[in-house]
Every structure is written in structure tokens, then in C-alpha cells.
Amino acid sequence: MFEKLHNNAGLIFPLIAAGAALAFSGSLDPYLAFVATSWVIFGLLGLSLDVIWGRGGFLSLAQTAFYGLGGYFGAVVAINFAPSLGLSLLWALPSAFVFGALIAAALGYLIFFSRMGELQSTILSYTFTLLLWSVTQTFKIDIGAAVIGGDNGLSNIPGIILGVGEEAKKLKPNAAFACVVFISAVVYFFTRWLMRSNFGKIVDCIRIDIEKTELLGYDIRKFQVLNFAYSGAVAGLAGALFALWANYLNPSIFSVQEALLVPIYVLVGGLGTLAGPFLGALIIGALSFWLGGGAAGGQTTLILGAVLILLVMFLHNGFLGALDNLWRRFLPDPNDAARDAGAVKIDTDVLDQILTEAAKQAGPAKSLSTDEAFKKFGGVIPVNRVSREFTPGKPYSLIGPNGAGKSSFLKTCVGIYRPEGGTIRLDQDDITRTQIFDRVHKGMGVKNQKPQAFGDNTVFDNLWIAAFARTKDKAAADETATRILTMLGMEGQKAVQASALSHGQQQWLDIGMVLCLAPRVVLLDEPAAGMTNEETRELSLLVRTLAKHTTVVVVEHDMEFVRTLEGHVTVLHQGKLFAEGDIDTLRANDAVLDIYLGRGEHV
Amino acid sequence: MNKTLGALCMTAALSITSTTASADVKIGAIFDLTGGLNIYGIQQDNALDLAVASINAAGGVNGENVVVVGYDAQSELSKYTQFAQTAVLRDGIAAMFAGLTSSSREAIRPIFREANIPYFYSSLYEGGACDKQTFVTGSSASQQLSVLMDWAVENYGPRIYIMAPDYNFGTISGHWIHEYAEQLGAEVVGEDYLALSVTDYAPTIQKIQASNPDVVVALPVGAAQTGFLEQFAAAGLKDSIGVVSTNYGSGNQQVVVSPLAGEGLVSAMGYFPSVESDANAEFLAAWEEAYGTDTPVVAGAVDVWNAVHLWAAAANKAGTTDADDVIAALESGLTFEAPNGTVTLEPGSHHLRQDIYIARGDANNGFEIIATFEDSEPTYENEVCNLIDNPDVAEHFTPEG
Amino acid sequence: MELDFLATVLLSSLSSASILLIATLGLAVVYGLMGVINLAHGEFLMVGAYSALTATQIGLPYPLAIPIAVAMTMLIGAIVELLIIRKLYGRLFDTMLATWGLGMVFNQLAVLIFGTVSPGIGMPQWNFQIGDYSLAVYPIAMIFVAAVMLAFVYFLMTHTVYGMKARASIQEPQMAQAIGIDSSRVNTMTFAIGSGLAGFAGAILLPIIPATPSMGLFFAVKGFLTVVVAGPVALTGSAITALGLGGGASVTASFMTSVIGDVFFFLMTAFLLWLYPLGISAKWRRKL
């Protein structure tokens, strides 16, 4: 009962709150209704940040830019149409929504497609807001009846008008409050639905581990831009509501203070909770209203500053986050099941079956080849003109001492590193310049050195999101994920968060995710690290079975493991191909021993 | 859940702020008591309290006590809108005194128009506001510049350089300087409109030197102005090029600027503390008693003082505080013996006819008045704005070009 | 275009860039060595300016007021690091938000303590002549000050025990730990030095920029952009970026308007970030 309530808290409580607000809107004091309207609007603005920051993982300081631009644009449209036709909402909101989305998409394109660093992205979004702030001070233009007058702003914006025609009057504060609550509730519930949809799940994965999400074959930058555009649209919508509420806009909407106020709303309420920003805006609004009213002599900035510091330090998850943690203590912990996990037992028959079916769906195995692949970092050349072909049948092992360039070679094949020279082919397909996610589409499956699972998500969700990347179909993804889950023997841990698993289990989960992709070429970087002997044996069995159906390349340190693979072994040294053969011949090779032991002329 | 919590906050806010008694006349005040603009806001607010105290001591308005409902706009524009609405919706005020920047006035002007409450804006500004409910007691740019440019051309020469902030106050002032220069047969040899963020004036100082003017009209605001004056003086230009301004001193810049850079700067405004009159002596005595002598009184404070007194006089004349009657009384050619001389409220334009003083900075961070232009008209506002004939106009006029 | 005008523009643009660099260096040190963006940097600058101003008001000569400002800001910096920054280590954006809150607090405290109007200390009235143009000496002297500051920080990082420890902690954190470097003490020191540099900037720039509670804001904003565009190699990177962005904006402002200068600054920032998504120094081999 309480678990159910907990799972649906984001639905039920906001529903009650919105219902209560609507029910009482008529009996509120008009001035209170008026002020509270702005808090709801700020909440909506906060929501737009929560979508891109709390969910998308990018702290955007451009939300007020979209908010202001949406407000201006919506207001200009409303000023021109509403006085004669009424219906100011109908004119302002959709235009602001679309305008906000377009601007955000353009900025997002710049940020995400240039693969900007985290800090750089945030600062660039801030720059955008500041640029608008400088430019709008003197920006003067008449658009029809709307007069944008630089720092004197845009006046005569109609209020919220629901009626049609010239005679329609703007809503009184109480009705306007109800109207804004209703619109915000609609946006909130839509956003909640969106963030729980497949789109939202992918956005969550991007936040948790952007590299892994791309390695699953998702076009992450497209999702980032789309998510940013949606957040811009919500901000624009909030801006239009604000314009109709204030009847006036001015460049100060783009000011530094405004820009930095939005993260406070989100942090106070609870990052990533979606409902939190509304609570945050309400608390901050009420607080600064109360303080500004005289009680503390107008020390609002002082108190807000102190509140921000304390929040960041002691209440990082905000009020809703803290409440959630408290609540969870009284609920059974789904992660308890992590402790009961048994050993993984690979059933080759099941695996064979899965792989055969995968071959039916995804086509035959592909070969991977490099021709003179070359990668350098400054003066270090970890991949020095390596030419090698990997074909299905037997597993390939890449070995070599530390710093030999094994992982670098793998990363170059995957596309994490862009080679300066040479070509990489998947069958005859030149993929040297292909994006990572596209390589995955073409059949590449990659497991990096560290296990990469989406820690906040459950084991099943991890597998599902991998399966969905290939199948693009919910039912098919369900089925694939369930089969891999069963094969890994993790049914009991289905609802456990991946981060609660042991290191070895996370390795298996990661491998499971790669299998969900039904890859035609599999690249594994030190898969046996952190595994017990028993697990390593199972892994060896898995790799050998895998190699019968696909091309498999393994980078490994563990010589015993390499021996059990019974495949081709390639020795890399200083970024170059050094020796080839099976493990026993190489073991007898003095030169190979030399480089491993760091002696003699080959070092 | 989040909204219920909010409702609690709302009730808390409500119970704290709604405790004023009902027999009094309430007037509203919104000034920037905190944040970057409180340099002006605190004095404006002080002047309001002082004026109300003096009115109450003299028997109040129509025998009723005047009570102030004050708000701190925190130098944030959005707070102006919010508090203006609150004052209208909740407090039932008879008049509003608020605002410093033009944008703050433009943000709240429509609110008082709709509510039909007389609104007094008391700050020097670029001019042109025209609205039945709005009354301006500060001087407008054209009002100040018409006398200042005359004086400057006569005393320094006909080559003028304009250095102003790149927003309405600056660009509209620039327009008037051009216009007056033409009338005087002088020439604008160069102009530079600066972003609000500028702290480094080297480029401007070069441009000034390149155009070789006789006088620079320097209009940047606040700290930016003192920065410019320091750099200008340090470059050794102060002796060869005159500097005049219409806002130097409006925020006590003469205190911030070093005596070396400040001495000899010329400013034209509606008030300087060194005005010699009985009304000013009385006003300053009351001010010093209430607030001490730490910071000199700025023009904006006197503008508020005048506004409150004009409103009280109108309400007394009308015998009521009802908006229509008070506005009619305000439009009856009201005059007031203000600290800055006799001021007359122009019925048509709702602006003040008042003395404009030209003062020169002395070596002790003060001003010495060197010329007084009595009873200067707000020419431009009187020309474009006649609210007696066209009571429905609500516009912010800007000169063309 | 006359030669003397060009020379003046060049010299004063260099001075603009130097002023930006002076105001930014503390930020760069903290970012480069701790990976922390201190949004209260502008307020530290302001604290430095007010400290120096107060010192001159009680009768100290200006040159003596500068070390007092540095000491004051270093002390506050150390306290802030111990109480706040340390608790948030590794949480870049949380540190940013916390220091922003701190900036708000400082700003309002300054308003409470000093009011919004304080007397300036005046700029030395020396000037010199290039052709038809007269220039104030003090702003031009900032070119020299910036160079000395840069050399000082470079020396501090390469020739002192603290500097070696600080660099070791950032380049090889585990190794540094293993050989017994107490990285949290190093960090306190780094933050204090960064704050002290901000205080120095506030004090040395006081004759040019009068002390107001919000004086740091625009410097800080441009400073953040400079440091972020510079990227991981904070010292050299920031010097070059300040020169390019600050000097470029100043040249633009000289030939066009200051608004276009600002727009140039912001657009160049965006453009550089687009070209170098991790900062211009992301692929450099040098570390300082």
C-alpha cells in the first residue's frame, strides 16, 4: 500500500495539491492569489531547469534566456491579436512554447554537437543569457502594436484573457491564479509522463553515464538537444505566463540575479523530482515576500545567500529528496536482494539459442579490420600503424604489458578515440569517421574496462534499455531482457539497483547489456577483472560460445584466462603489433618475455 | 503536498503584513532599500517618511493621519510589479510613491492607471512619461539639458562630446544635446554610448581626445561615472576639456570621486544641498535631526518630499482622498514652497516647473551653486503631453530620431 | 588612422587585458589547482578593495594598505575553504552554487557595513603624451603589475615547497597522497592564495574602480569566461585568453562602441568554446 503510494507520489500529491489550489482559488485573498500566481510561474520555470539539469544532467543557466525570449515573443503576439480577438493565452502560449524550443534547440545544437565539457556547457549557456542582457538594453523595435523599448521594456501586455472578442476582459487575480495552476499542472503531468516514457529513460541514462548510453547505440546528442528543446519550450511557456501576469517585460529578466535564482528553486525543492521546483519556488517566493514585507528589514539577499549555502551543504536533495529518503527508511529495501545473489552459471545451450536468434535478426557476424590505424596524444603514440583483421570463429586476445596501447587500440576501434590516420572497417564498411552510436547500430558491441551499468536504475531496466536500443520495441525488449536476465541467473536481483551489486556482478550485468545488443562484433576490455575464479571460468565459456557466432576481441591481463580462451593471441608493444600466435608459442618467445619482464633489447 | 505547505507560508505572510489600522489614510511606497540601487532608494524612502511626519505634525490630510505602507523592491524590477499589485489589491492605498529607474516606472504605471490611483514618480529621468494617474516630480532630461547646454557652450565652447550609457536615459539625453547644440550653433563632435558593464574607459578617453571637444557631457550612472571621471582626470584632460553632467551628484558621486577628479565638474540638477533658502534650511534641519549628516541629501529625496507634499496639498484642497478629486486638484496649478525653490505642477503634462541649478564641484566633495535658472519649464513634456485635453493618453513619448 | 592613435589604442587595450588578467588570476589559480570555480571571486575582490580603502581611511598610506587587503582576503579565503569548499570537494556545480550564495552574503554585508557610497582614493594624477594623446599612467602601469603577478604565481608554483605539493596533488593525486602530501592543507592554502590574489586585485585596482558592493560582478563574469575558455592549463591559458578576449574587446570598443566590445567578448567566448569544447588548453602538454 505505502510502497504503491511511494511509487506514485509524484502523481498523487501534485494532483491533490493542484486540486486543492483550484478548489480554494476562489476564496483566496485576491492579492495573495496574485502573488501566488507568480510562484507557480517560477515553479514552472524551475521545472524547465529540472528537466535539463535534474534529468538531463546539464546545469543550464540559459533557462531565463528562454523564459525571457518566450515571454517577449508570446507578448508581442498577444499584444497584436488579443485586444481585438481576446484569448490572450491562445496567442501567447503556443508561440512562446515553440519559440523557446527553437532557441534552446539551436543553443543545444552548438553545445552538444561540439561535445563541450560540462563546465564549458554551463558557462556557455550563461554567456548566452548575458549576451541577451547586454543586447536587449538598447534593442528597440516596433512590431505591430507592440513597442519594445530597450531598457524601458515592453508595456501594455494584456492579462490572461479567456473570452473571445474585443469585449473580453482579463481574468481577475483569483481566476488567473486558477488558470495558471491548471496550465502548470497540465505541463507538470505531461512532463512527468514524458520523463517516465522511453524518451525519459534514455535521458536518465545519458545523465548517469553518457558514454555507456552511446555505446548502447543511442544517438545521445539528438536526445540531449531534444530534451533541451523541451526544457526551453517549458521555460518559454512560463515566460509567456509571466508576461501576461506582469503585463510588462524588461531586459532585467535576463540579468545575472534572475539566471541564478532558478537553480535555487530546483535545489530547495529537490533536484530531479520535477515537483520539487514548484515547492522550491513557493518556499523562496513566500520567504522573500515575507522578508521583503518588512519583518527582517529587507535582508532577503543575505538570507537567500545563506540558505543556498546551507542547502548545498546539508540538504543536497532538497526538501522532497530529504522527505523521500525519510520515507524510504520505512519501506522494504529492494536492494536487499543483492546479497542473495548466487553464482552466475552460463548455460551454453540457452546462449547458443539466443545468439542464433540474434543472428537471424541482426544478420551474420561481421569482421573488424584496421589498416595502419594511428593515434597519438601529444608525443605519446599509443596506436602506431596497427593493421589487423579480426574474423568470427575463435576469440582474439590482445595482450601486452602496461602502456602497450591495448585499451587505446580498442577505444580507437570503438570510436572513443578519433584516429589521426589509417582506416577501420566493419566488413567492407569504412567506419573510421562513423559516430560511436552508429558503429553500434552496424553491429559493434563494447564493454569497457570498468563495468558500466546505470547505477540508479534496476538490473532489469539496465538490460531493457540495452535491448530497446536494438529492438526499438517495448515488448521485444522486455522479452530479450528477461532472457538475458535469466541466463545471468539474476532474476532475484531484477529490482535491485545496479549500484548495489558487487563488482563482479556489475561486470556480468555489463556483459549482459552487450549481449542484449546482439552485436556482430564484440570488444571486451578486461572482462575478467574483479571476478572470482569460478566466474572467470564461466566467462571463458561465454566468450568461446560467443566467438562461434560473432567476432570477439578481448583485451586481457590475466594469462590464465587468455589460455582458456584457446584463441588467437596478439601481442602489442609500444602501440605496435609485436607478435602473434597461440598462447603457448608466445610464451616460448623470448622477445615477448623480454617486454613483459622489462629486459633486453626490445624494451 | 507542496502546495499545502505553500498555503501555510501564504497564511503566515498574510498574518504578518495585514495589521494596519483603518481610520488612517494609507499611501504606498516602493523603493529599493537593498541591492545596488539603494544608494537612491534609502534616501527616497527617508524623505517620504520625513514628509509624512511633517504632514501629520501639521494635522494630517483632511484631519486624518497619513500612514505609509512601505515595500523594499530590492533593486529587482519584478518586485515592483509584485508590490504595486499588492498595494492595489490589498492595502487600499490613496496614492503611490515609487520607483527610481524608468523601467520601474514603466512597469508599474499601467497598474495604477487601471486602479485609478495617483502615482508619483520622483527621480530625474529622460522625460516623456504621460499618463492621467502619473505625476513626475523629478526633472526631465530636456529640462536640465536646455539650461546646461546653454551654459556649457557659453563657458567652454561649441565643440561638444557626448558620453552616455547605452540605454534610454543616455540615448534620449543624447538626442536633446544634439537638438540644443543645433539651436546654439554648437557642434556635437563625437559621441560614445557605453554598455552598462563598462569599467574601463580607456577607449572612450581616446575617442574623446581624437575628436578634440571643448566640453564633454558625461552621463554614465552610479559607480561607472566616478570611474570615468577618475580616469579622465588622471589622463590629465580635465584642465583642457570641460565636463558637465545632468546626473553627476544624483547618487552622491561627488562623495565617491576623489577631490582631485571631482573639483570643477559641473552638474545641472533640480536640487543641491547648498541651495540657499529658508525652506531648504528647514528641510535640511529636519533631515539632519532624523538621519544625521553622514551623506548629503540627493535630488531624488527632495523630489519625493515635494511629491508627498503636493499630494497632501491636493487632497486637502479637494477635501477628500478620492482619486478623481485629488487628480483634479493636482491639475489645478498647484504650487509648493519646496527646498529647491517654488515648484509648480503643470496641469497638462503632470511634470514640475522648477528651478534648475548649475553647480560646480569644490575641493571638499561638495557643490557650489554657480547659476540658478528659476522656474524652468518641462518644455518637451508640456509640448507633447496635455492630459487636460487628452485625458486618455497613456504613453511614454520619446523624441524622434 | 594616425599612428599615435593606433599606438594609444594598442597600449590601452593591453592595459585593459592586463586589468582583466589581474582580476582573473586568483580565479585561475583556484580552478587550475583545485578544479573549483569560485563564484564569490568578485566579492573577494570587493572585500580586498574595501579592506584597502578602510586602511587608507584610518591613515595608512596606500602602498601599505595593499598587503593588509591581501592578508584580510587570504584569511577569509582560508576560513571559507575550511567551512564550505572542503565539504563540497569534487562537486563542481555544488561548489559553484555555494560560492554564489557566499557572494550574495558578502555583497549584502558590504552594503550593511559600508553603505553604497564610499569615498574613492583617487588615481595618481600622472600622465604622459603619445603624439596628440594623453594617457593616465596608472592604468598603463597595470600591464607591468599583471606581468609581475604572473611571474610571482609562476615562481610560487615552481620554486616553493607549497607549489610543488600543489602541482603534485593535482597531477598525481594518489602519488601525492602516497608520499605524504596532505592535500587538504594544500587546498586550504591554494584557496587562500586565490582569495589573496583577488584581494590584491581589488586593492591595486581601487584607484581605477571605486569600491562599491557590486564592483566585482562584471569582472567576475568576464573572469569566469576567461578561465573556462582557458581550460585546464589555468595560468598560461588564462593569460593568453585574457589578452585575446579582453584586449580584443577593448580594441573593438575603441573603434566601434563598448556595447559591440561586450558583444565581441561574449561571441568570441562562444566561438572559442565551440572550437575548443574543453578549453583552448585542453590538449597542451604544459601544466601551468
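Q: In this predicted model, how many bridges join strand β11 of chain A to β12(A)?
A: Strand β11 covers residues 568-573 of chain A. It runs antiparallel to β12(A), and the bridges joining the two number five.

Q: Which residue in β12(A) is the bridge partner of A:T570?
A: Let's stay with that antiparallel pair, β11 and β12 of chain A. Look across from A:T570 into β12(A) and you land on its bridge partner, A:E580.

Q: Which strands of chain A are the edge strands of the open sheet?
A: The sheet has six strands with mixed pairing, in the order β8-β9-β10-β5-β11-β12 (chain A). An edge strand here pairs on one side only. That gives us β8 (444-447) and β12 (576-581) of chain A.

Q: By what angle are neighbouring strands of this sheet turned against each other on average?
A: Take the six-stranded open sheet again. With direction ignored, its neighbouring strands are turned on average by 20°.

Q: Which helix packs on the sheet touching β8 and β9, with its direction at about 175° to that of β8(A)?
A: Two helices are worth checking. Helix α16 (residues 406-414) of chain A packs on the sheet and touches β5, β8, β9, β10 and β11, but the angle given for α16 is about 145°, with β9(A). The one that makes about 175° with β8(A) spans residues 503-516 of chain A, and that's α20.

Q: What percentage of the residues in chain A are buried?
A: Chain A holds 24 helices and 12 strands, and its C-alpha trace spans about 95 × 55 × 50 Å along the principal axes. Out of its 603 residues, the buried share is 58%.

Key. Residues are numbered from 1 along each chain as its sequence is written. Chains are lettered from A and ligands numbered from 1 in the order in which they are written. This is a predicted model: local features need pLDDT of at least 70, side-chain atom pairs count only at pLDDT 80 or more; totals for chains, interfaces and linings use all residues. Two strands pair if DSSP finds at least two bridges between them. Helices (H or I, at least four residues) and strands (E, at least two) are DSSP runs, numbered from the N terminus. Axes are lines fitted to C-alpha atoms, for helices over the stretch in contact, and angles run from 0 to 180 degrees between N-to-C directions. Two residues are in contact if their C-beta atoms, placed from the backbone, lie within 7 Å. A residue is buried if 20 or more other C-beta atoms lie within 10 Å of its own, exposed if 12 or fewer, and partly exposed in between; C-beta atoms are placed from the backbone.
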